Amino acid sequence: VGHAPVTSPPPAVSGAIIPGYLASEDPTCHPEGILDDVRDAVGDYRVYAQRETAEDGGQERFEDYLELARMRGEAFRYLANRFDPEFGFLQFQKTDAVFHDYPGDHEKVRRIYRAVDDQIGAIREACDPETIIVASDHGMGEYDGYEFRANQFLHEQGFVETTTEGHGVPSWFQIKDEELTQGDEQSTGHPVLERLATAAARVGLTYQRGKAILERLGLAEFVGRRLPVGAVFAASDAVDFESSLAYLRSPSELGIRLNVAGREPDGVVPAADYDTVRGEVISLLSAVETPDGEPVFEEVVPRDAYIHGPYAEEAVDIVAVPTDFQHGLSALIGERFADPEPWNHKRDGVVAIVGPGIEPQPTLGGPHLFDVAPTVLSTLGIEPAVMMDGEPIPVINSPPAREYPEY
């Protein structure tokens with residue numbers, strides 16, 4: 001298993017795992033010492049691309065994207081040759097990141113997809129797998145709506161309290177840049193700048209106001225490339241999670257969390273008021289409109305409309321789906337609406353399957369992302385679990401689902 005997100009620390013399996021996204025730059029792998037062996041065999045191996053610099057306009061960083069694709073493919077081929085596995089999984093991250101980091105640069109998109117395609121071809125030639133499944137975990141496309149700052153809206157409605165004391169949840173980019181990609185011996189930020197930024201925030205010069213001033217002076221991009229992420233967040237109005245009733249924790253969750261007493265460490269919503277508060281937030285979000293008078297959300301519902309099982313309480317309390325995925329969500333405090341990220345995630349991704357047991361059909365029947373895992377099991381002749389949400393894609397004769405012992 002190569003570079004799969006959220007596999008750090010790796011479980012002890014009969015094979016090898018090199019973790020990917022959300023792991024550190026020098027992750028713990030399984031078996032112990034395998035990463036050193038990979039580096040001896042194929043050269044450097046990293047999880048993340050180098051940081052972008054102002055001087056080269058991002059070109060050097062993009063070239064690193066291509067290098068990361070090579071590293072993934074060569075490492076996978078080395079591990080496959082060494083372990084001769086029945087199952088292999090390899091993830092390429094930059095087919096996603098290229099849209100976020102270089103929106104509208106179609107030549108860079110073509111180059112990274114060619115690089116990944118070359119690695120898949122080399123894997124197919126070197127490993128000669130019986131069956132290959134290529135799948136994306138989401139689609140990608142242009143956004144022509146708005147960025148909706150849900151926490152700003154909830155602040156205006158009295159549900160969110162704000163702070164400049166640095167108590168907000170840090171962003172993924174802050175964690176990655178200041179923790180995951182730094183060695184133990186390196187500094188994790190610029191504390192002097194962070195203290196200055198915090199002091200400015202306390203007298204009313206928050207990041208949002210400062211950015212507006214810098215934009216008028218034409219200096220926003222220059223400063224943005226040089227100011228540490230931690231300093232930016234230290235000087236930002238942010239959600240005070242301990243005092244707020246409800247908030248958007250992360251845009252990728254597509255939902256609102258309630259700060260429930262007895263469930264959250266500093267909960268303020270009494271359990272008896274849960275349904276009332278949740279209903280008020282659902283009603284408000286369902287009615288919110290863009291500056292053009294269009295609904296921001298196509299659906300705002302309690303989580304139990306979609307999310308079930310023993311870990312459901314770890315999910316958001318309210319699921320909020322943007323209309324046609326033309327609008328992005330933001331956890332920032334500031335203006336209620338802003339321009340969206342030009343390219344972002346969409347519902348419809350891709351899946352392709354080739355192998356001796358695959359029946360060619362004009363359509364795959366509109367598969368769901370949940371269907372990929374039981375399809376993979378079926379190609380290996382393994383019965384999918386009854387508790388799995390998906391079904392095998394109907395291009396293969398699948399064994400019937402069965403019960404398994406609890407993991």
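I began with the second largest cavity, whose lining has six nonpolar, one polar and one charged residues. My classes: Ala, Val, Leu, Ile, Met, Phe, Trp, Tyr, Cys and Pro are nonpolar, Asp, Glu, Lys and Arg charged, and the others, Gly among them, polar. The lining residues are Gly2, Ile18, Tyr45, Arg72, Ala75, Phe76, Leu79 and Leu90. The volume is about 30 Å³.

A note on the source: this is a predicted model, where local features need pLDDT of at least 70, side-chain atom pairs count only at pLDDT 80 or more, and totals for chains, interfaces and linings use all residues. Residues are numbered from 1 along each chain as its sequence is written, and side-chain values use heavy atoms, with hydrogens and water left out.

The void search ran on a 1 Å grid over the protein atoms alone; a cavity is a set of points where a 1.4 Å probe fits but cannot get out, a pocket is an open set with protein on both sides within 12 Å along at least five of seven lines, and lining residues have an atom within 4 Å of a point. Points are joined across faces, edges and corners, and a volume is the space filled by probe spheres set on them. I count two cavities of 30 Å³ or more.

Next I took the largest cavity, at about 60 Å³. Helix 2 (59-83), helix 3 (94-101) and helix 4 (106-127) each give two or more residues to its lining. Which helix gives the most? Helix 2 does, with four residues. Among the lining residues are His3, Tyr65, Arg72, Phe92 and Val116. By class, I read six nonpolar, three polar and two charged.

Then I checked the second largest pocket, which holds about 290 Å³. It has 14 lining residues, and Ser14, Gly15, Ala16, Pro85 and Phe87 are the closest to its centre. That lining splits into ten nonpolar, three polar and one charged.

Last, the sheet. Helices (H or I, at least four residues) and strands (E, at least two) are DSSP runs, numbered from the N terminus. Strands pair if DSSP finds at least two bridges between them. I find four strands in an open sheet, order 6-7-9-8, with antiparallel pairing. Strand 6 (246-247) and strand 8 (297-302) are at the edges with a single partner strand each, so one side of each has no neighbour in the sheet. Strand 7 (residues 255-258) and strand 9 (residues 318-322) are joined by two bridges. Gly255 sits opposite Val319 in strand 9.
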